[in-house]
Amino acid sequence: MKHILSAIFLSIVVGLAAATNNLHTAGRSVQTCGDPDDTLPWYRVSVPSKFAYAYGTDPSWISTVILQDGFVLQTILGMVFLTQEESTVPCYFLSSDVLADNFVTINATERDAAIAGGQYFLRTDLQTYIYPTEICGSIPMYRLYNSAKTSNFFTTSESERLSAISGSGYADLGIAGYVLPAGVAC
Ligand SMILES: *[C@@H]1O[C@H](CO)[C@@H](O)[C@H](O)[C@H]1NC(C)=O
């Protein structure tokens, strides 16, 4: 009898330990997210005749490129962080004056290769932080490339992505990262 009781007691303890362990595992797998209140709108500006696109969060930078460099404001790609928060990664901004092209990447190898190639330089003042996977309510940011125009193009709009491919000579390079949809933070 004593043995049976202690066996029952033991199985309860083991069962409880397993349940607690499951809770911990579940806790660890829960997404940890940046604070959406810290995000800013990421504007896309363009000189359409040059197939040139640029991306920034700073309204004074936006107005400068509009007034001085002939850019027009096109859209808000989404919401991004300016400092690194939970689960986000740096999104590097590469710029080429020679090619009149800019692109962003979370891939440090691609960043370094572009700089080593001599045509692009790093704009740390335009660096943002985004999610590398589709977590925390984020949405895909598509990257497209027009090799004839040496033009990188980023969009979070599926219809824009499709029309760039069908109408403007862009090839789909896949998903560059994930941003929060515009209008989530207030
Ligand atoms: C990062 O970029 C390099 C160079 O373009 C490429 O070979 C590599 O596959 C990329 N890595 C990822 C994870 O996309």
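Which residue in β3 is the bridge partner of W42?

Modeller: The bridge partner of W42 in β3 is G78. One caution before going on: this is a predicted model.

Start with the two strands. Strand β1 covers residues 40-47, and it pairs with β3 in the antiparallel sense. Seven bridges join β1 and β3. These strands belong to an open sheet of three, in the order β2-β1-β3, with antiparallel pairing. The edges are β2, residues 52-56, and β3, residues 72-80. Each edge strand pairs on one side only. On average, neighbouring strands in this sheet are turned by 25° against each other, direction ignored.

A helix packs on this sheet. Helix α2, residues 59-69, touches β1, β2 and β3. The direction of α2 makes about 10° with that of β1.

Now follow the chain past β3. The loop between β3 and β4 (89-96) holds S87. S87 has a positive phi of about 70°, yet it is not a glycine. Most residues other than glycine have a negative phi. The cut-offs matter here: buried means under 20%, exposed means over 50%, and partly exposed lies in between.

A100 also has a positive phi, near 50°, and is a residue other than glycine. A100 sits in the loop between β4 and β5 (101-105). With a relative accessible area of 30%, A100 is partly exposed.

Y131 lies in the loop between β7 (128-130) and β8 (139-146). Is Y131 buried or exposed? Y131 is at 1% relative accessibility, so it counts as buried. Y131 and A176 are 45 residues apart in sequence. In space, their C-alpha atoms are 9.8 Å apart.

Next, the ligand. The residues around the ligand are N107, T109 and E110. The protein covers 27% of the 360 Å² of accessible area that the ligand has on its own. An N or O atom in the side chain of N107 is 2.3 Å from an oxygen atom of the ligand. N107 also caps the N-terminal end of helix α3, residues 108-116. There, a side-chain oxygen of N107 lies 2.9 Å from the backbone nitrogen of T109. Just after α3 comes G118, with a positive phi of about 90°.

Last, the whole chain. The protein has four helices and 10 strands. Along the sequence they follow the pattern α-β-β-α-β-β-β-α-β-β-β-β-α-β. Of the 186 residues, 37% count as buried. Take the contacts between residues at least 6 apart in sequence: 65% of them join residues at least 24 apart. The protein exposes about 10,300 Å², and carbon and sulfur atoms supply 60% of that area.

How values were computed: Residues are numbered from 1 along each chain as its sequence is written. This is a predicted model: local features need pLDDT of at least 70, side-chain atom pairs count only at pLDDT 80 or more; totals for chains, interfaces and linings use all residues. Side-chain values use heavy atoms; hydrogens and water are left out. A residue is near a molecule or strand if one of its heavy atoms lies within 4 Å of it. A polar contact is a pair of N or O atoms within 3.5 Å; within protein, one must be able to donate a hydrogen and the other to accept it, and residues adjacent in sequence count only if both atoms are side-chain atoms. Accessible areas come from the Shrake-Rupley method with a 1.4 Å probe; for residues, only the protein chains shown count as cover. Two strands pair if DSSP finds at least two bridges between them. Axes are lines fitted to C-alpha atoms, for helices over the stretch in contact, and angles run from 0 to 180 degrees between N-to-C directions. Contact means heavy atoms within 4.5 Å. Buried means under 20% relative accessible area, exposed over 50%, partly exposed in between (1.4 Å probe, protein chains only).
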